[in-house]
Amino acid sequence: MPDLQKELTSYQERLIDEPTGKNVIGKHAAKLIRDHETVFLDVSTTVQFVAEHIQAKQITAVTHSIDNVGILSKREDLSIYVLGGYLHTQNRLLYGPSVIDKISEIRADKAFIGATAIQTDGLYYPYEDDVRVKREMARRSDQVILVADHTKFTVKSRFKLDFNHVDIIVTDQSIPVDIQEILDQKNITLIECQTHNPQDGVEK
């Protein structure tokens, strides 16, 4: 079961995995945030790069990721709302029913979420709670942006979130044709921000 073993590696190990692609995705995705918006920031190593690159002013960031809090706490021109609950030390997040309850009380302009795996029938995650949190963030947001590097299109996981919850996908390489067709059918915008290619010397 190599795929299942891979998805359960620790948060820090995943942060090192595909760092260039995730950084480029984060930079492009962060440009979608406008001044004064309220944004949900999911627990995801790629979403963490979104937090690193936010340029918008006077935003309110809502998150249950302690790493996102650490990154954004260096900024004095934004507000951070932490979704409280029990601390999961390995995945560096707060979890529990209180997280869902608080999300349901908030209205956001945008939600930035990650995915463990992307298949033709939807997004997949190793834990059922992951899906509940992301579904509630999507329900309470005007626009949902999925940030995922190319490796997520070739692995599998357990619990599904439908594509219907997503408006935009930001990734770093061309995606499989069968998934592209599904996105076209569902009118999901795909942004491919390809990383530096040594052959052409150009960052796209």
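Predicted model: local features only at pLDDT ≥ 70, side-chain atom pairs only at ≥ 80, totals over all residues.

Arg139 and Glu136 form a salt bridge, with 2.6 Å from N to O, where a salt bridge means a side-chain nitrogen of Lys or Arg within 4 Å of a carboxyl oxygen of Asp or Glu. Both residues sit in helix α7 (residues 128–139), and because they are three residues apart there, about one helical turn separates them. Glu136 is buried, at 12% relative accessible area; buried means under 20%, exposed over 50%, and partly exposed in between, with a 1.4 Å probe and protein chains only.

Residues are numbered from 1 along each chain as its sequence is written, and side-chain values use heavy atoms, leaving out hydrogens and water.

Next, Asp67 and Arg92 meet in a salt bridge of 2.6 Å, N to O, and this pair links distant parts of the chain, 25 residues apart, with Asp67 in helix α5 and Arg92 in the loop between β4 and β5. Helices (H or I, at least four residues) and strands (E, at least two) are DSSP runs numbered from the N terminus. Asp67 is buried at 14%, whereas Arg92 is partly exposed at 23%.

Finally, Arg107 pairs with Asp142, their closest N and O atoms being 3.1 Å apart. Here Arg107 is partly exposed at 43%, and Asp142 is exposed at 53%. The count of salt bridges comes to twelve.
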